[in-house]
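Please look over the model below. A short report follows it.

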Amino acid sequence: MSTTATQENLQTASAAYAASFTQGHLALPPAKQYLVLTCMDARIDPARAFGIDLGDAHVIRNAGASAVDGLRSVVISQQLLGTKEVILVKHTGCGMLTFTNEVAYGLVEERLGPAAVEELKEKNLDFLTFPELEAAVVKDVEFLKASKVVPDSVTISGWVYEVETGRTRRVV
């Protein structure tokens, strides 16, 4: 089995981390009973940017910080592991602002062929893009608040992280 440079880096970093790791005692449920739903963008370091220590919170990441895509994880976090607050954080310069479903389907067909795009159609895959950042934050917060699987007692807020400055500002 061959090993890539990325895999070698993971092994080296993991060994160094494990050599001084002392927090294996942390409980499974997040200590501060909240979750952060944010984008998978590599320019966001949720722990540092949002002040999350190991064991404090769940961090759910997906393309565009989509509440629709993250709902399964939100339910698990709340119902099985006791979180009581959702912090939704989208960000400036998000790739989800730069294309539409039609463009994504076209790229898949062009690069992977008709069978791949047919699979997307069979699964009715929505890439959950959005044309306006703040409106998307509001829409996702409203989606969570309206969901019957998210209790009314859960506090939900929506934010925008600015990749240019490192600042986070509340939208809703």
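How many disulfides does a search of the whole structure find? The search finds 0 disulfides, where a disulfide is a pair of cysteine sulfur atoms within 2.5 Å. Cys 94 is in no disulfide, and its nearest cysteine sulfur, that of Cys 39, is 4.2 Å away. That distance is too far for a bond.

First, some ground rules. This is a predicted model, in which local features need pLDDT of at least 70 and side-chain atom pairs count only at pLDDT 80 or more, while totals for chains, interfaces and linings use all residues. Residues are numbered from 1 along each chain as its sequence is written, and side-chain values use heavy atoms, with hydrogens and water left out.

**The annotated site**

The UniProt record, an unreviewed entry, places the feature "binding site" at Cys 39, Asp 41, His 91 and Cys 94. These residues span 56 residues in sequence, yet no two of their C-alpha atoms are more than 8.8 Å apart, so they gather at one spot. UniProt positions are in the numbering used here, feature names are shortened, and annotations may be inferred rather than shown by experiment.

Cys 39 is found in strand E1, residues 34-39. Helices (H or I, at least four residues) and strands (E, at least two) are DSSP runs, numbered from the N terminus. Asp 41 is in the loop between E1 and helix H2 (46-50).

Contact means heavy atoms within 4.5 Å. Leaving out residues up to four places away in sequence, Cys 39 touches several residues, including His 91 and Cys 94. Arg 61 is also among the residues that Cys 39 touches.

Buried means under 20% relative accessible area, exposed over 50%, and partly exposed in between (1.4 Å probe, protein chains only).

| Residue | Relative accessibility | Class |
|---|---|---|
| Cys 39 | 4% | buried |
| Asp 41 | 15% | buried |
| Thr 83 | 3% | buried |
| Lys 84 | 49% | partly exposed |
| Cys 94 | 3% | buried |

**The loop between H3 and E3**

Thr 83 is found in the loop between helix H3 (67-79) and strand E3 (85-91). What joins the side chains of Thr 83 and Ser 77? A polar contact of 2.7 Å does. Such a contact is a pair of N or O atoms within 3.5 Å; within protein, one must be able to donate a hydrogen and the other to accept it, and residues adjacent in sequence count only if both atoms are side-chain atoms. A polar atom of the Thr 83 side chain also lies 3.4 Å from the backbone nitrogen of Gln 78.

Lys 84 lies in the loop between H3 and E3 too. Leaving out residues up to four places away in sequence, Lys 84 touches Gln 33, Ser 153, Val 154 and Thr 155. Lys 84 and Pro 151 are 67 residues apart in sequence and 8.9 Å apart in space, C-alpha to C-alpha.

**The core**

A nonpolar core is a set of buried Ala, Val, Leu, Ile, Met, Phe, Trp, Tyr and Cys residues joined through side-chain atoms within 4.5 Å. The largest one has 31 residues, and those with the most contacts inside it are Val 36, Phe 50, Val 86, Leu 144, Val 150 and Ile 156. E1, strand E2 (57-62), H3, E3, helix H6 (133-146) and strand E4 (155-161) each supply at least two residues of this core. Leaving aside neighbours within four places in sequence, Val 150 is in contact with Leu 71, Val 74, Gln 78, Leu 144 and Ile 156.
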